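Please look over the model before reading on.

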Amino acid sequence: MTSRSTLTAWLAGLDAPRLERALALRKDVSAPPEPRSLDELAERLLRPGSVALALPQLPLPCLQAAEALAASGTPMSCGALAKTLGATTPTTVRKLDAVLEALADRALVWPDGDGRLHMAAPLRQAWEAPLGLDAPLEELLEGVTSEELRGMLVALGIKPPGTRQQRTAAILHHHGDPERIASMVAKAPPSARELLEHRARSAPRHTEFIAFGAPEPDSRPGERWALDRGLLIRNRHGYGPARMPAEVALALRGPDWHAPFDPVPPAAEMMSVAAAEVEREAAAAATGFAAHVASVMSVCSSAPPARLKSGGIGARELVRIGKDAQADDVTVRLVLEASYSVGIMARDGRRVAPTQKYDAWAAQEPAAQFAVLLQAWWNLALTPSQARDEENKTLPALAGAPPCDGCLQARRGLLTAAARFPEGLGARDATDLGPLVSWYRPLAHLSFQDEALFTTAVREAELLGVIARGALSPLGAALLAGNAEILATECRRLLPRATGTARLGSDLTAVVSGTPAVSLAELLDATADRETSGVASVWRFSASSIRRALDAGLAPDEVSAELTAVAEGPLPQPLSYLIADAARRHGRVRVAPAACVIHGDEPSLLAELAAHRGLSSLVLRQLAPTVLVSAGPPDQTLAALRDQGYAPVAEAPDGAVRVEKAPPRRAAAVPSPRKPSAKTGGRLTTPKAAEVSEGVDSHTVAARLLAAPPTLPDPDPSGAGGPFGTDTEEIVAAYAKQLTYADVRQFGHALDTGTAIAIEYVSTSGSRTVRTLSRLALDPPYLEAWCHLREAERVFTLSRIHGVMPPEHA
């Protein structure tokens with residue numbers, strides 16, 4: 001029986017709660033359109049892409065058990081698996097039963113009617129050499145000629161049968177006895193025995209096929225002896241190192257050898273920590289980060305960062321944003337990555353600018369803002385604070401960088417590990433959490449280059465208040481529970497409301513405790529220079545900052561009135577003097593467009609400008625006592641005058657003062673719809689408002705599947721699957737021959753509903769890529785779509801599409 005048939009039979013025997021649990025843990029398999037039969041569900045469960053999604057979520061003992069099953073190559077009993085893993089005590093047997101239950105909950109491993117354990121075939125590809133073993137003997141013998149088989153049997157002292165099939169069976173029978181293999185090797189020549197024992201305990205070496213050259217000679221002493229007896233086997237062409245069958249390696253490792261099995265997580269040094277201390281530290285971290293978020297986003301709103309040619313935001317822009325916002329590099333990266341992922345920022349030409357969604361987000365309280373970005377961080381498929389290339393850039397999605405599921409699972413493992421701590425205890429050292437995360441999510445650490453495991457993930461969690469004092473905070477517990485309402489409630493409880501007032505000091509500073517309200521931050525950013533951000537933010541007023549506000553169109557009385565409205569007391573006298581002095585000097589000199597003209601009401605001041613050495617680059621020439629002509633354009637002339645301490649203003653052509661405040665730049669959240677092309681007769685579709693599939697009720701789907709027949713009738717003699725429900729599905733099936741029945745249904749659903757889809761595409765050169773497509777238009781034998789990888793319209797050949805997945809699970 002095939003894996004699909006045994007899985008379908010096992011699914012049919014499950015009760016509703018058990019099937020519902022499998023659907024909840026493998027959400028991608030029930031994405032619309034819902035599977036119509038258990039057979040179709042089994043097909044989705046066995047897709048390599050779906051198995052690849054489930055694999056990083058497994059803890060270490062589950063992976064160890066799965067690797068042992070993969071190494072066997074054939075279904076095995078629970079007893080044989082327990083023996084392979086060395087689970088011989090009652091405690092370890094119970095642990096193994098729990099591991100097999102967890103694998104069965106995800107439909108990765110399941111028993112058949114005889115009690116043998118089967119596994120999803122794609123899971124075998126997770127290890128190049130499971131348990132350090134090569135392929136089974138039967139597989140390696142497929143490339144051996146009948147005459148070579150005869151020679152092996154003669155060397156083993158066995159009379160060769162007549163047919164190739166009989167000779168193969170005889171060798172399999174002989175090598176199937178571990179004691180016989182061990183006894184034969186013990187009597188082998190020393191060089192052969194040493195070679196075989198070394199190869200049995202080392203991982204196999206695989207080499208690519210060599211097109212030209214001579215076969216590799218038997219250079220190692222003793223190798224010829226092993227090859228003659230089938231203990232080592234060389235491929236039919238004689239290239240590459242000789243391979244040791246798995247049965248031979250296991251026999252030489254001895255009866256006492258067993259695969260690694262660690263059912264208990266590693267211990268961490270613990271310390272007592274009160275829940276109140278955890279909450280207090282988490283609240284302080286979250287409050288400080290929320291304040292930094294406001295300052296970083298304010299800087300990006302006023303001066304959107306530029307993109308690199310290769311995509312993303314480079315180190316120079318990150319430094320600029322951090323300096324203007326008074327935030328460190330890690331915070332800037334976290335804010336940019338999280339805000340970009342939820343659409344608060346988007347690409348706008350050569351820049352990355354806030355979208356219209358930013359304005360609604362910025363108007364919320366800090367707790368609500370923080371909840372949005374915290375949830376975004378939780379779902380990020382990358383680690384923002386970890387540099388990814390030599391340019392040390394952020395926002396890699398702009399450059400088409402693939403997502404990293406290991407980074408996502410590292411956070412899941414970190415919070416899962418912290419949640420297992422007894423109440424009132426936390427890790428004494430945050431680095432102790434790394435080995436724990438590695439046990440809960442072993443495959444996640446491949447995405448990190450930390451000297452200590454997962455230090456970047458732990459650092460981010462502490463910065464956001466998710467981990468505090470080595471323990472899981474209420475914020476982390478809400479994230480782990482996956483409840484947005486609880487998360488929003490905890491954010492409101494731990495974070496203070498926005499501060500709408502500032503303490504204005506006689507030293508020309510403005511101090512705001514907590515997170516400043518958006519209107520307050522905008523006012524202070526317009527009239528002062530930010531010096532620090534965090535739990536308390538500090539701005540400093542200066543002549544240049546007040547002049548900047550006046551240049552933006554604010555009148556001196558307006559500056560004084562607005563600052564008085566937000567001040568906790570009366571306006572300090574030094575600040576009033578500063579505003580008055582800046583207003584007195586502001587506009588005494590005016591720059592009008594010509595090429596250009598400088599004029600004013602004070603002849604002495606104009607004469608001073610004409611004689612100023614620092615303005616020699618403008619080549620000023622006096623035409624009249626109150627008129628100068630500059631060789632530079634207005635903007636250059638304004639900048640030069642301001643650099644020398646003057647306060648000029650710009651004039652419009654009609655003589656009115658030109659206000660220099662630019663409106664906030666906003667990026668479009670989605671690319672504009674394309675125009676229908678003549679090729680498709682105007683049938684191109686445009687994206688719907690929401691391209692993410694709606695949540696699926698696992699309970700309802702499970703009930704429907706159990707009530708339906710396990711398999712549907714198949715009118716297609718090729719065996720592609722059950723009957724198609726729409727014309728679109730039939731068209732796709734006719735041209736996309738590489739797709740399975742389940743893939744055809746999901747592809748047809750995406751075309752009919754206008755939702756996005758992820759495809760595995762094989763180009764004419766043979767390279768494979770995974771692309772997310774939206775705004776699909778079917779024009780057989782082609783598909784026109786917006787490619788999110790290339791950020792452009794692309795045409796795809798249907799026959800080259802080899803797989804389909806929902807985009808949120810790709």
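How far apart are arginine 44 and glutamate 40 in helix H3? They are four residues apart in H3 (residues 38–45), which means a separation of about one helical turn. Helices here are DSSP runs of H or I with at least four residues, while strands are runs of E with at least two, both numbered from the N terminus.

## Basis of the report

This is a predicted model, in which local features need pLDDT of at least 70 and side-chain atom pairs count only at pLDDT 80 or more, whereas totals for chains, interfaces and linings use all residues. Residues are numbered from 1 along each chain as its sequence is written, and side-chain values use heavy atoms, with hydrogens and water left out.

## Salt bridges within a helix

The whole structure contains 32 salt bridges (a side-chain nitrogen of Lys or Arg within 4 Å of a carboxyl oxygen of Asp or Glu). One of them joins arginine 44 to glutamate 40, with the closest N and O atoms 3.3 Å apart. Both arginine 44 and glutamate 40 are buried (under 20% relative accessible area; exposed is over 50% and partly exposed lies in between, with a 1.4 Å probe and protein chains only).

Aspartate 228 is partly exposed at 30% relative accessible area, and arginine 224 is partly exposed at 44%.

## Salt bridges across the chain

Glutamate 279 and arginine 493 form a salt bridge with an N to O distance of 2.9 Å. This pair connects distant parts of the chain, since glutamate 279 sits in helix H15 (residues 275–302) and arginine 493 in helix H24 (residues 484–494), 214 residues apart. Glutamate 279 has a relative accessible area of 27% and is partly exposed; arginine 493, at 45%, is also partly exposed.

A network of salt bridges links Arg18, Arg21, Glu101 and Asp105.

## Helix H15

From its first C-alpha to its last, the 28-residue helix H15 reaches 41 Å, close to the expected 40 Å (1.5 Å times one less than the number of residues). H15 is mostly covered, with 20 of its 28 residues buried.

## Cysteines

There are zero disulfides in the structure (pairs of cysteine sulfur atoms within 2.5 Å). Cysteine 78 is partly exposed at 36% relative accessibility, whereas cysteine 596 is buried at 0%.
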